[in-house]
Amino acid sequence: MAPIAGGATLVSGILRSPALETVTLDAFDRALLAEVQIDNQVPARVLAERVGLSESAVLRRLRRLRRDGIIVADRAVVHPAVLGTPLTVHVLVSLERETSDLLDAFVRRLRSRPEVREAWYVTGEVDFVLQLRLSGMEAYEAFTREVFHDEPNVRSFRTIIAMRQIVGP
């Protein structure tokens with residue numbers, strides 16, 4: 001079990017959070033969450049005006065939402081070309097076996113790779129959906145060799161190359 005913010009733990013690649021099981025959000029919390037999902041750099045006084053609370057109430061609520069693991073991260077979205085990773089690749093991965101130890105090992109492997117920007121353990125025809133950011137196809141080939149071809153538990157993977165982002169930051 002790996003500890004995560006807000007008292008949550010990671011068990012076999014699954015987030016378990018006691019705080020999330022008992023969370024109650026009111027209309028103000030939901031309004032704040034909607035605002036910070038669009039731009040988390042908006043000053044508290046502006047958020048207060050938008051949601052109809054005092055600035056101190058907004059700050060208290062945001063602290064609680066972060067402490068309780070409702071807001072799990074505050075991050076900057078940086079243009080990938082500036083970072084030298086203009087290629088976005090989505091990969092559908094199927095494993096041979098899904099025992100807890102093999103799942104945990106694969107999840108650790110994915111987390112250790114900087115190319116993996118997002119990853120989901122899913123149900124259906126495949127086991128994982130990955131979003132990768134890479135410098136080019138040569139980097140993707142190296143990634144596939146190291147993460148998929150050299151991993152005996154990977155049955156197959158399918159690649160989807162993004163041409164351009166339609167929705168999102």
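This is a short tour of one chain, stop by stop, for use with the viewer open.

**The whole chain**

Start with everything selected. The model is predicted. Trace them from the N terminus: the order is β-β-β-α-α-α-α-β-α-β-β-α-β.

Now switch to a surface view. The accessible surface comes to about 11,000 Å². Carbon and sulfur atoms hold 54% of that surface. Of the 169 residues in the chain, 31% are buried. Take the contacts with a separation of 6 or more: 58% of them join residues 24 or more positions apart.

**Helix 5**

Select residues 100-111. This is helix 5, with 12 residues. From first C-alpha to last, helix 5 reaches 16 Å, close to the 16 Å expected at 1.5 Å a residue.

Show the side chains next. Which residues of helix 5 are buried? They are Leu103, Phe106, Val107 and Leu110. These four cover an arc of only 100 degrees around the axis, so they sit on the same side of helix 5. The spacing fits a general rule. An α-helix has 3.6 residues a turn, so residues three or four places apart point the same way.

Turn the view to the other side of helix 5. Asp101 and Arg108 are exposed there.

What covers the buried residues of helix 5? The cover includes these elements:

- strand 4, residues 87-95
- strand 5, residues 116-121
- strand 6, residues 128-134
- helix 6, residues 137-149
- strand 7, residues 154-161

**Gly52**

Clear the selection and pick Gly52. Where does Gly52 lie? Gly52 is in the loop between helix 3 (44-51) and helix 4 (55-67). Is Gly52 buried or exposed? Its relative accessible area is 55%. Exposed means over 50%, so Gly52 counts as exposed.

Gly52 and Ala31 are 21 residues apart in sequence. In space, their C-alpha atoms are 9.5 Å apart.

Move on to Leu83. Leu83 is in the loop between helix 4 and strand 4. Leu83 is exposed, with a relative accessible area of 54%.

Together with Leu83, Val78 and Val82 make a nonpolar surface patch. The patch has an area of about 300 Å². Keep the surface view on to see this last stop.

Terms used: Residues numbered from 1 in each chain as written. Predicted model: local features only at pLDDT ≥ 70, side-chain atom pairs only at ≥ 80, totals over all residues. Heavy atoms only, no water. Helix = DSSP H or I, 4+ residues; strand = E, 2+ residues; numbered from the N terminus. Expected span 1.5 Å × (residues − 1). Buried < 20%, exposed > 50% of the residue type's maximum accessible area, 1.4 Å probe, protein only. Arc of directions from axis to C-beta. Contact = heavy atoms within 4.5 Å. Patch = residues over 30% accessible without salt bridge, like charges linked within 9 Å, V, L, I, M, F, W, Y side chains within 5 Å. Areas by Shrake-Rupley, 256 points an atom, 1.4 Å probe, with all protein chains shown as cover. Salt bridge = Lys/Arg side-chain N within 4 Å of Asp/Glu carboxyl O.
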